Amino acid sequence: MSADTPAPPRPGIWRRFWTWLPDRVDRRIIVAAWATLVVQIGIVGTGGLVRLTGSGLGCPTWPQCTAGSFVPTPEQSYHSIIEFGNRALTFVLAVVAIATFLLVLRLRRERRDLFWLALLVGLYIPLQAVIGGITVLTHLNPYVVGLHFFASVPLVAIAAALVSRVYAVPGPRARAVPGWYAALAHVTSGLVLITVVVGILVTGSGPHAGDANAVRNGLNPGFMEHVHSWPAYATFALTVVLFAGSWRTPAAQRLRLWTGLLLLVEIAQIGVGLWQARTGLPILLVNIHMVLAMLLVAAMTAVVMHLKATAGAQPTHSRITDAASTVSG
């Protein structure tokens, strides 16, 4: 190039940003998917802290914290700081969701599954925030509070599905396990959902209302604890069968790993549930129990996501073995 030849114009900011975005699933997308799952489970823990410390009305209005201020004022108690902190975490969720969506944007045609899962998470977060606002405006109505907790179930499930799909080979998928095994997994997932819903009703009847003046749902806590245990133990029994049956499924499906993880979460959940019931529902154990409920949803979602495989796809270790056989033959 001669000295008189002008240098080619630099691409614009948008063009440089677009070329920076991944054109395949790389470490950035994997990290973003895991971050999405972690923050969705994490906010359940912080939300539980708000409720268990009686800080549910620390900010007595919404979207402002108090009349005329979006942040806590010096006149308010520490409850307002706890409640406002949980509200502020919504922005962290939004940032992670936007970042994840942008990272898969360039793959919207090749990996439509990742595009739509990331988009669903981003669209769902504002809805969850609105439900949280309604809980405050209804002065912690136990059913609305329960709905706010339940709203995290689809978000955690979608995030877990996103994590599963970033590791999957793209393309049409087909069932890769026996029909009875897939049916049993779906029945188990239904029981997981029932267990979570009944658990929400149990919490709505117990002492942790989020505020000293908040009403309860009027159900008998002792009886509801027994009702809660029925689907929980049924879920555990079916999971044992799933774990045992996973040893007869293709190793590439990794169902031994995921059903084993599901089983471990359930053992922890049952143990914590029994412990908290016998020790008067201490705050720490109740909060752990709430977080474990979300881990249960995530693990169950992972099991369901691994019932299918991409048609014609072959795991990496199988391809290496086949190539070695071809060379030696």
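In which helix is the place of Thr100? In this predicted model, Thr100 is found in helix α3. With a relative accessibility of 4%, Thr100 counts as buried, because buried residues have under 20% relative accessible area. When neighbours within four places in sequence are left aside, the contacts of Thr100 are Ala32, Thr36, Ala118 and Leu162.

The protein chain as a whole contains 11 helices and two strands. Their order along the sequence follows the pattern α-α-α-α-α-α-β-α-α-α-α-β-α. Along the principal axes, the C-alpha atoms of the protein chain fill a box of roughly 75 × 65 × 25 Å. The chain comprises 329 residues, of which 43% count as buried. Its accessible surface amounts to about 17,100 Å², and carbon and sulfur atoms account for 70% of that area. Among contacts between residues at least 6 apart in sequence, 75% join residues at least 24 apart.

The largest nonpolar core has 59 residues. Within this core, the residues that touch the most other members are Leu37, Phe149, Val156, Met294, Val303 and Leu307. At least two residues of the core are supplied by each of α2 (27-52), α3, α4, α6 (152-166), α7 (179-205), α9 (255-278) and α10 (283-305). Helix α10 provides the largest share, with 11 residues. For Met294, the contacts beyond its neighbours within four places in sequence are Ile41, Val44, Phe149, Ser152, Val153 and Val156. Two of these partners, Phe149 and Val156, are also listed with Met294 among the core residues that touch the most other members.

Aromatic rings were examined next. A pair of aromatic rings is described by the distance of the centres and the angle of the planes. With centres required to lie within 6.5 Å, the count comes to five aromatic pairs. In one of them, the ring centres of Phe101 and Phe115 are 5.3 Å apart and the planes stand at 45°, so the pair is tilted. Because Phe101 belongs to helix α3 (residues 78-105) and Phe115 to helix α4 (residues 112-137), this pair ties together parts that are 14 residues apart in sequence. Phe115 has a relative accessibility of 14% and therefore counts as buried. The rings of Trp180 and Tyr181 have centres 5.5 Å apart and planes at 80°, so this pair is edge-to-face. One aromatic cluster is formed by Phe101, Phe115 and Trp116. A charged residue also accompanies an aromatic ring, as Arg28 lies over the face of Trp20 at 4.7 Å from the ring centre.

The structure holds one disulfide. This link is formed by Cys59 and Cys65, whose sulfur atoms are 2.1 Å apart. The angle about the S-S bond is -75°, and the link of Cys59 and Cys65 is left-handed. Both Cys59 and Cys65 are buried.

Notes. Residues are numbered from 1 along each chain as its sequence is written. This is a predicted model: local features need pLDDT of at least 70, side-chain atom pairs count only at pLDDT 80 or more; totals for chains, interfaces and linings use all residues. Side-chain values use heavy atoms; hydrogens and water are left out. Rings of Phe, Tyr and Trp (its six-membered ring) pair if their centres lie within 6.5 Å; planes under 30 degrees apart count as stacked, over 60 as edge-to-face and the rest as tilted. Helices (H or I, at least four residues) and strands (E, at least two) are DSSP runs, numbered from the N terminus. Buried means under 20% relative accessible area, exposed over 50%, partly exposed in between (1.4 Å probe, protein chains only). A charge sits over a ring if NZ of Lys or CZ of Arg is within 6 Å of the ring centre and within 35 degrees of the ring normal. A disulfide is a pair of cysteine sulfur atoms within 2.5 Å. Contact means heavy atoms within 4.5 Å. Accessible areas come from the Shrake-Rupley method with a 1.4 Å probe; for residues, only the protein chains shown count as cover. A nonpolar core is a set of buried Ala, Val, Leu, Ile, Met, Phe, Trp, Tyr and Cys residues joined through side-chain atoms within 4.5 Å.
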